[in-house]
Amino acid sequence: MPHIGRMLPRPAATCPVPAPWGQETPPGRVAIVSASVGAGHDGAAAELARRLEGDGLTVDRYDLLDLLPVRLGRAVQEIYHRMLVRAPWAYQRIYSSTERAGGGGRLARTLLRSAEDRVLRALSPDTGAVVSTYPGASRVLGNLRLEGRLTVPVLTYLTDFSVHPLWVAEGVDVHLAAHAVPAHQARAAGARDVRICGPVTDPRFRPGNGQDRDQGRSGFGLPERTPLALLVAGSWGVGPVRQVAQELRDCGAAVPVVVCGRNEALAARLRADGIEHVFGWVDDMPALMHAADVLVQNAGGLTSLEAFAAGLPVASYRCIPGHGLTNAAALDEAGAAVWIRNADGLKKVLCDLIDGSLGRQQRDVGLDLFAKAPGEGPAAEIARLCFSETFPQGSAPPGQHHSKPLARRRLAPRPRVTTTAALAGAVWASAVGAGFAATHDAPGLVHTIGHSFDLDDLAPGHRPEGHHS
């Protein structure tokens, strides 16, 4: 059966190795569903795929945005991007309201429902398990599982340290967390089976030595002896990066080295501001981390995990709204990254991270997150869960999933044309509205846009607390 949607490139499989639980690796196929909103969800999916393939499994990767009808995925991506870059207050409003409501509203549910049939058709009939690295994908897969249309285990790999309720979907069999803090938040949001198995990053991110430091600085044309603060803002270069770069330079604790991702306009502005070391998209981020003394970040995503693996202390500062703030709080609670809340403490904290006890403590905490043995970690847990455990909900034993075709039970027909047309109109109207609000600073308009994504309106005066304090 042909796959529907764009298949993301996968690294070549390495030679099969014995399964971590001491048995011969069973033949099997795992599907991973991510989404190209930023680079973090795809980065986690790529590394999980590489490791699973190394254990002899076949891995298919899908982008959920490509499985939405009539190119709605690109519209969703544009709305999200535009709000983060030009109207972050709008993103904060939507993030907070959906957090209070325990997930997305009617438009979000309808949007995800529109992908269910396409996702099911895209999966190979011999798929033994499906892994999500994106909350929207977890909702789609969880629904299919609940309805009995998907008869194989569904797992969610939580890419962040904070867990928005959208991450926790009824029907998902297991949630995999990097640390006890996100595990606790996932359980508070309703997840039943949550397992702590550490994060997953590219193996090139490892603690460096003096030679790695010298080579990294030479390769990127950086000062040989000066303390360096690596400033990152994700693949889109979002947040108050110019302000932070200037504050880093002016406080005197370290020379800023700024990575702007694919935001070329930001890089040009920083160079015009007199920031000497500015880069766009960096292919060899491990070498750049080896060259740096501290990482300053604003989102708490994959880059933070890579810094932990590289033994680089991390500071959260002037974080982007929504997940940037909640990740900063969760990382600080876990003791993995310090959250600098105002400019007054910037120099003191950075100096302690670069050459003090705080930095040594955080390096230890960060490195302790990762699995120490080949049979440990998220990929090993996925393989173990998929092919050696029995799951409820009437499915066959997982050890047989790779040979049992996926269920294709038909549900009652839906008014596809009308629903899709209405949905497309709503999403595109939201995109236009977000652009207008970003230009004209119209909070009322984005309030309306927010309600289109969150129509689980709470009664006046009734605002239950979310799972974040």
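In this predicted model, Glu116 and Arg113 bring their side chains together in a salt bridge, with 3.0 Å between N and O. Both residues belong to helix H4 (residues 106-122), and because they sit 3 residues apart there, about one helical turn separates them.

Which residue is it that forms a salt bridge with Arg113 at 2.5 Å between the closest N and O atoms? The partner is Glu147. Since Arg113 lies in helix H4 and Glu147 in the loop between helix H5 (135-146) and strand S4 (154-157), this pair ties together parts that are 34 residues apart in sequence. Through shared partners, salt bridges join Arg113, Glu116, Asp117, Glu147 and Arg149 into one network.

A search of the whole structure finds 20 salt bridges. Another of them links the side chains of Glu47 and Arg51. These two residues are 4 residues apart in helix H1 (residues 40-54), so about one helical turn lies between them. Glu47 is buried, with a relative accessible area of 6%, whereas Arg51 is partly exposed at 28%.

| Salt bridge | N to O distance |
|---|---|
| Glu116 and Arg113 | 3.0 Å |
| Arg113 and Glu147 | 2.5 Å |
| Glu47 and Arg51 | 2.7 Å |

H5 has 12 residues and spans 16 Å from its first C-alpha to its last, close to the 16 Å expected at 1.5 Å a residue. Is H5 mostly covered or mostly uncovered? H5 is mostly covered, with 9 of its 12 residues buried. Among those buried residues are Pro135, Val140, Leu141, Leu144 and Arg145. Just after H5, Gly148 adopts a positive phi of about 80 degrees.

Now for the sheet. An open sheet is formed by 6 strands with parallel pairing, in the order S9-S8-S7-S10-S11-S12. Strand S9 (277-279) and strand S12 (338-340) stand at the edges with a single partner strand each, so one side of each has no neighbour in the sheet. On average, and ignoring direction, neighbouring strands here are turned by 25 degrees against each other.

Within this sheet, strand S7 (residues 228-232) and strand S10 (residues 294-297) run parallel and are joined by 3 bridges. As for individual residues, Ala229 stands opposite Val294 in S10.

Which strands does helix H11 (residues 302-309) lie across? Helix H11 lies across S7, S10 and strand S11 (314-317), and runs at about 170 degrees to S10. Helix H12 (residues 323-334) packs on the sheet as well, touching S10, S11 and S12. The direction of H12 makes about 130 degrees with that of S12.

Definitions and conventions
Residues numbered from 1 in each chain as written. Predicted model: local features only at pLDDT ≥ 70, side-chain atom pairs only at ≥ 80, totals over all residues. Heavy atoms only, no water. Salt bridge = Lys/Arg side-chain N within 4 Å of Asp/Glu carboxyl O. Buried < 20%, exposed > 50% of the residue type's maximum accessible area, 1.4 Å probe, protein only. Pairing = 2+ DSSP bridges. Axes fitted to C-alpha atoms, helices over the stretch in contact; angles between N-to-C directions. Contact = heavy atoms within 4.5 Å. Expected span 1.5 Å × (residues − 1).
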